[in-house]
Amino acid sequence: SSFSIGTAMIIEKNAVVTFHYTVAETGQEPMESSKDSQALSVLIGHTAIIPGLEAALLGKQAGDHVEVTVTPDQGYGERREGMTQRIPKKLFKNAKLAPGMQVVLPTETGPRAMTVLKVGLSAVDVDLNHPMSGKSLDFTVDVLDVRAATEEEISHEHVHGEGGVQH
């Protein structure tokens, strides 16, 4: 069967990209990888992933291997002082908490990652800076699949089905 190069879909706005990734703080061991679990599927152009990673994927296609270093301004932002907050312990629903732990709590603006600083009897001090803020991150990405998003996915601004957000 003849294969025409013209048919391979490239990554652009409103494309759904499925990929495996590994991320490391520059010069460190990898912190996180999807290789041992499910690949990630994201809708491009709707802030599903950090800007620096999205920019590196634009124009690529299935089978591509992408390596990119994302600086804080294109990633999770710079660390900001004064981002600590005291939260009633009951919101953590009896979770076993320890300083340095990362937790995700629902907020008005959606789920928010935070780092536990101190655990008291009735309150928990947390740092609301994203755990990866202020860091340059090295991403290695293997693009598995690229497809056009459905109208529904575009209107909801996220991927449905396999590897996507479940309602």
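1. Among contacts in the protein (heavy atoms within 4.5 Å) between residues at least 6 apart in sequence, 63% join residues at least 24 apart. The model is predicted, and local features need pLDDT of at least 70, side-chain atom pairs count only at pLDDT 80 or more, while totals for chains, interfaces and linings use all residues. Residues are numbered from 1 along each chain as its sequence is written, and side-chain values use heavy atoms, with hydrogens and water left out.

2. The protein has two helices and nine strands; these are DSSP runs numbered from the N terminus, with helices being H or I of at least four residues and strands E of at least two. Along the sequence they follow the pattern β-β-β-α-β-β-β-β-β-β-α. Of the 167 residues, 35% count as buried, that is, under 20% relative accessible area with a 1.4 Å probe and protein chains only.

3. Four strands form an open sheet in the order β5-β8-β7-β6, with antiparallel pairing; two strands pair if DSSP finds at least two bridges between them. Strands β5 (84–88) and β6 (102–107) stand at the edges with a single partner strand each, so one side of each is left without a neighbour in the sheet. From one strand to the next, the twist averages 50 degrees, where axes are lines fitted to C-alpha atoms and angles run from 0 to 180 degrees between N-to-C directions.

4. Within this sheet, β7 (residues 110–119) and β8 (residues 123–127) run antiparallel and are joined by four bridges. Val119 has Val124 in β8 as its bridge partner.

5. The largest pocket holds about 1200 Å³ of space. A pocket is an open set of points on a 1 Å grid over the protein atoms alone, where a 1.4 Å probe fits, with protein on both sides within 12 Å along at least five of seven lines; lining residues have an atom within 4 Å of a point. A volume is the space filled by probe spheres set on the points, which are joined across faces, edges and corners. Of the 41 lining residues, Ala48, Ile49, Ile50, Tyr76 and His130 are the closest to the centre of the largest pocket. The largest share of this lining, four residues, comes from β3.

6. The second largest pocket has a volume of about 260 Å³. Its lining has 13 residues, of which Gln85, Ile87, Pro106, Thr107 and Met114 are the closest to its centre. Strands β5, β6 and β7 each supply at least two residues of this lining.

Technical notes. Buried means under 20% relative accessible area, exposed over 50%, partly exposed in between (1.4 Å probe, protein chains only).
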